[in-house]
Amino acid sequence: MSKLYQKLLSLTILSASVLLLPFHSYAKTEIHYDLEPYSVGNPKAPVVVQEWFSLTCTHCAHFALNEFPKIQKQLIDSGKIRYEFHDFPMDKMGLTAAMVAHALPHNRYLPFINAVFSRQMTLFFGYAPSAKQEDEKNVDHSKSPMERLQQEAAFAGIGKDEFDAIANDEKTQQFFLEQVQKDTDKYNIAGTPFFRFNNISFKEDPKTYEKFEDLVKQAR
């Protein structure tokens, strides 16, 4: 078992059995998950780009907010690439946020992901939107990260009972953590973001659109 997977397993209490069914019940609240990777773009595009990311990863947030909009406009909307999003939660908060995203209707997945990334420092670390990360005075201790995430989920249409059901859904937690382990073993993923351009792996944030475009060209 990899050290990464051991760390993830320690973040939540998991059931002994794995039941990969889309419906689970908690406090009489039924949750439906779409557990397939979210994808956008031309299904017949010559290049398929896959990204593994965690919603608590600051490098992933940088990529999503600063690079992805241009990628979507120039490469996805033009039909040059198909893009797949693979949730790769690295901690309890990232895991719960990923589960919320997959419990939303298909067309709300990407807006929720972008909303979480845009408010990542506030949601998970408590910093005011304009605060410097090292300024302890600007940390909001009045709410826990889970409480702030619950509020963010409410904006996306997930009620309190639904959120509690998702946060306590051990079977779906198990599904995500098992998938993390499978992808880690298959692609040797050591951190996020991690990309594959067709069969070519790239193990970090490309940092610029130009670098990303160059990787797409190499994969053709």
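Here are some friendly notes on this predicted model, point by point.

1. Ground rules. Residue numbers start from 1 along each chain as its sequence is written. Because the model is predicted, local features need pLDDT of at least 70, side-chain atom pairs count only at pLDDT 80 or more, and totals for chains, interfaces and linings use all residues, while side-chain values use heavy atoms, with hydrogens and water left out.

2. Helix 8, its length. Helices here are DSSP runs of H or I with at least four residues, strands are runs of E with at least two, and both are numbered from the N terminus. Helix 8 covers residues 170-187, and its 18 residues should span 26 Å at 1.5 Å a residue, which agrees with the 26 Å between its end C-alpha atoms. The expected span is 1.5 Å times one less than the number of residues.

3. Helix 8, its ends and buried residues. After the helix comes Asn 188, whose phi is positive, near 60 degrees. Among the buried residues of helix 8 are Phe 175, Phe 176, Asp 183 and Tyr 187. Buried means under 20% relative accessible area, exposed over 50%, and partly exposed in between (1.4 Å probe, protein chains only).

4. The largest pocket. Pockets and cavities are found on a 1 Å grid over the protein atoms alone: in a cavity a 1.4 Å probe fits but cannot get out, a pocket is an open set of points with protein on both sides within 12 Å along at least five of seven lines, and lining residues have an atom within 4 Å of a point. Points are joined across faces, edges and corners, and a volume is the space filled by probe spheres set on them. The largest pocket holds about 200 Å³. Helix 8 gives the most to its lining, with four residues, and strand 5 (81-87) also supplies at least two. The lining includes Trp 52, Phe 85, Asp 87, His 102, Phe 175 and Asp 183. By class it has six nonpolar, three polar and three charged residues; Ala, Val, Leu, Ile, Met, Phe, Trp, Tyr, Cys and Pro count as nonpolar, Asp, Glu, Lys and Arg as charged, and the others, Gly among them, as polar.

5. His 102. This residue lies in helix 3 (residues 92-103) and is buried, because its relative accessible area is 4%. Its side chain joins that of Asp 87 in a polar contact of 2.6 Å; such a contact is a pair of N or O atoms within 3.5 Å, where within protein one must be able to donate a hydrogen and the other to accept it, and residues adjacent in sequence count only if both atoms are side-chain atoms.

6. The largest cavity. Its volume is about 80 Å³. Strand 4 (47-53), helix 2 (58-76), strand 5 and helix 4 (109-118) each give two or more residues to the lining, which divides into 10 nonpolar, one polar and one charged. Cys 60 is one of the lining residues, and this cysteine counts as buried because its relative accessibility is 0%.

7. Arg 220. Found in the segment after helix 9 (209-219), Arg 220 is exposed, with a relative accessible area of 58%. Its C-alpha atom is 6.3 Å from that of Val 47, 173 residues away along the chain.
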